Amino acid sequence: MSDRDPAGLAAKVLTVSDGVIAGVREDRSGEALAELLAGAGYEIVERRAVADGTESVAGALREMTDGFAGLLVTTGGTGFGPRDLTPEGTREVVDRLAPGLAEAMRLVNPLGRLSRAVAGTRGRALILNAPGSPRGAVECTEAVLDVVPHALRLLSNEPTPH
């Protein structure tokens, strides 16, 4: 399997949004991410939404990554709003940060400089924080999708070409 062939890889999408939970906002960014990942050959094995907040995000990430080997992309809660606490919740659960991925995601758009998003690993799962807008979520995730299969093989201790 080449680094650009994600065949057999699983993905999950977590939308972080008070509005989606309250039923006053449609989950367009979660849908856009699921479409992007499915189009890239990933099997979407779970989609979930939680309210903004450190504990709600951390709790969902723990549940969604327990025993999971694959990619988990969050959308929402990465900005400067008082309830934008996705990076804090993510930091609570990751074993190791992956700052290169987060930085690459920030570079795709000038507004990326306002992102507080993080990336990291928990067990055999790779967690990426993406913005809450559909376009931003897709652009930022696309920026690193080419290296994700390789990262997941490394996390699973599978042979790699290097």
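Patches here are made of residues with over 30% relative accessible area and no salt bridge, with like charges joined within 9 Å and nonpolar side chains (Val, Leu, Ile, Met, Phe, Trp, Tyr) within 5 Å. This is a predicted model, in which local features need pLDDT of at least 70 and side-chain atom pairs count only at pLDDT 80 or more, while totals for chains, interfaces and linings use all residues. Residues are numbered from 1 along each chain as its sequence is written, and side-chain values use heavy atoms, with hydrogens and water left out.

One such nonpolar patch sits on the surface and brings together Phe-80, Leu-111 and Leu-114, with about 360 Å² of accessible area together (Shrake-Rupley method, 1.4 Å probe). Leu-111 is found in the loop between α5 (99-106) and β5 (119-122); helices (H or I, at least four residues) and strands (E, at least two) are DSSP runs. Leu-111 counts as exposed because its relative accessibility is 60%, given that exposed means over 50%, buried under 20% and partly exposed in between.

Asn-157 turns up in the segment after α7 (148-155). Its phi is near 60°, a positive value in a residue other than glycine. With a relative accessible area of 72%, Asn-157 is exposed.

Thr-15, by contrast, is part of strand β1 (residues 10-16) and counts as buried, at 2% relative accessibility. Setting aside neighbours within four places in sequence, Thr-15 is in contact with Val-20, Asp-27, Gly-30, Arg-48, Ala-49, Val-50 and Thr-75 (heavy atoms within 4.5 Å). With Asp-27, the side chain of Thr-15 makes a polar contact of 2.9 Å (a pair of N or O atoms within 3.5 Å, one able to donate a hydrogen and the other to accept it).

Definitions and conventions. A salt bridge is a side-chain nitrogen of Lys or Arg within 4 Å of a carboxyl oxygen of Asp or Glu. Buried means under 20% relative accessible area, exposed over 50%, partly exposed in between (1.4 Å probe, protein chains only).
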